[in-house]
Amino acid sequence: MAKGAIIVGAGPVGLMLAGELRLGGADVVVYDKLPAPSGESRGVGFTRRAAEVFDQRGLLQRFGDVEWAQGHFGGVHIDFSKLDDNHFSVRGIPQFRTEEILEAWLKELGVEVRRRHEVTGLRETADGVVVEYEGPDGPGEDSAEYLVGCDGARSIVRRLAGIDFPGWEPTRGMYMADVVGADIRQRPIGERVPGGMVMAFNLEDGVRRIVIHNESLRPPEDKSGLTFETIADAWQEMTGEHLHDAEVRWISSFTDTTRQAAQYRKGRIFLAGDATHIHMPAGAQGMSVGVQDAANLGWKLAAALTGRAPEGLLDTYHSERHPVGQLLMRNTRAQTKLYLSGEEMEPLRAVIQELVQDVAVARHLAGQVSGLDIRYDMGAGTHPRLGLRWRPDTPLKLADGTPATVRDLLRPARGVLFVTPAAADAGALLDTAARWAGRVDAVTGDWADGEDVRPDTPQALLVRPDGYIAWAAPDEEAGLEEALERWFGAA
């Protein structure tokens, strides 16, 4: 019997997507070619919006006390404390820690992660996808209604599906190492030095990450010949600091190669995360955008697998997330030029540093880095909050006086209709939503005492499982029933 979905890749994106599908009632299994998690930490934190995605599923608290970090755009400091919204990101969380938390979550949900299963081929049928793999017991086949490639920049799923991956070839590169016992000065957002840039910041458990960019450096695609001695020599040449005797946990190199998949969906095959977009690392955006890909796709694919999806719902994954990927490509390329170019870029850096003193400019650039500026097309409607996310930490007061937050309402990964006493025809709104019971939770309550209620604060709002506002009142041009049908199918 065919499974609901097979996900290829047990990184943060694949694991997050598997959890979203399971919460939506879908059958899912994860394949990964490695025998065990790699223990590597390509990502060392996540943006504000990715933190909110984790929070709305009750996962952020599992990270324990986290360090909230200021941000920058291409090395130009932005004072987040001056902005109304909270753009601070999470710093110092190794990627393997994120994977541990997500895999423990999947175990609680009953999702199987199959290690040592390397996909070698696939074919699409009329009602599903057949996956060929090489497993611990030899070659085999498995089938599912849908297949999702979350298998990174060199995605085998993308290649086998014949999806183009156009973009820009590398022009520069960096070395990276995680070390213990190195007596070197902190440089958390980087420091320009003659010939390039160096960065050093703390991870957990006394591990310090260093990053080196030399203007003449062009790391090869094949990293097998890279040694720590090469990295230590480059660090000493650029900083004068000796770290050859440090304990080495991990080394790597990367370039500014920038590519985006032409299609995020091809028939019954989907792509998410680095399988859809690669770029120079900048502010933990890559993994964070991938986690948001998973949150966007998960509830939609679950709806299709459980027979609840309205026509065209799956197509909105590409139409909503591909533009986000395009913006990611643009802003990371801009940041790379701004951050890593030499002295000739100093006049532009100075101008941008002056511009970000303006709150509107700071908010615009911060929103691109944090992911909080995303607004999806929700169709008809004019409410100023339509298409934006509903902050998970927003405090609420339920009808019986119980305090709550938005994260409490979003945790089951269903739609939510929240109706306040100020809403006109509140009873009619609740009666309408009742026809979508099981897909949408109707909740009555109000904003918590002391919460800033502004003129654009909705009197009632419908929120999708991924936390984005699909309808808000008052709005004379859009009705609740139309929004429910658009996103949750027939009553």
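Start by selecting helix α6, residues 285-305, which gives three residues to the lining of the largest cavity, the largest share. Helices here are DSSP runs (H or I, at least four residues), numbered from the N terminus. A cavity is found on a 1 Å grid over the protein atoms alone, as a set of points where a 1.4 Å probe fits but cannot get out; lining residues have an atom within 4 Å of a point.

You are looking at a predicted model, where local features need pLDDT of at least 70, side-chain atom pairs count only at pLDDT 80 or more, and totals for chains, interfaces and linings use all residues. Residues are numbered from 1 along each chain as its sequence is written, and side-chain values use heavy atoms, leaving out hydrogens and water.

**Stop 1: the cavity**

Now select Arg49, Val53, Gln292, Ala295, Asn296, Arg321, Tyr376, Asp466 and Tyr468, which line the largest cavity. It holds about 40 Å³ of space, a volume being the space filled by probe spheres set on grid points that are joined across faces, edges and corners. By class, this lining has four nonpolar, two polar and three charged residues. Ala, Val, Leu, Ile, Met, Phe, Trp, Tyr, Cys and Pro count as nonpolar, Asp, Glu, Lys and Arg as charged, and the others, Gly among them, as polar.

**Stop 2**

Axes are lines fitted to C-alpha atoms, for helices over the stretch in contact, and angles run from 0 to 180 degrees between N-to-C directions. Under 35 degrees counts as roughly parallel, over 145 as roughly antiparallel, 65 to 115 as roughly perpendicular and the rest as oblique.

Show the side chains: Arg49, Ala50, Val53 and Phe54 of α2 meet Ser288, Val291, Gln292 and Ala295 of α6. Contact means heavy atoms within 4.5 Å.

**Stop 3: α7 on α6**

Keep α6 and select helix α7, residues 315-340. How do these two helices run relative to each other, roughly parallel or roughly antiparallel? Their axes cross at roughly 175° and come within 10 Å, so α6 and α7 are roughly antiparallel. Among the residues making this contact are Gln292 and Asn296 of α6 and Arg321 of α7. Those three also line the largest cavity. By class, the contact of α6 with α7 has five nonpolar, seven polar and four charged residues.

Terms used. On a 1 Å grid over the protein atoms alone, a cavity is a set of points where a 1.4 Å probe fits but cannot get out, and a pocket is an open set with protein on both sides within 12 Å along at least five of seven lines; lining residues have an atom within 4 Å of a point.
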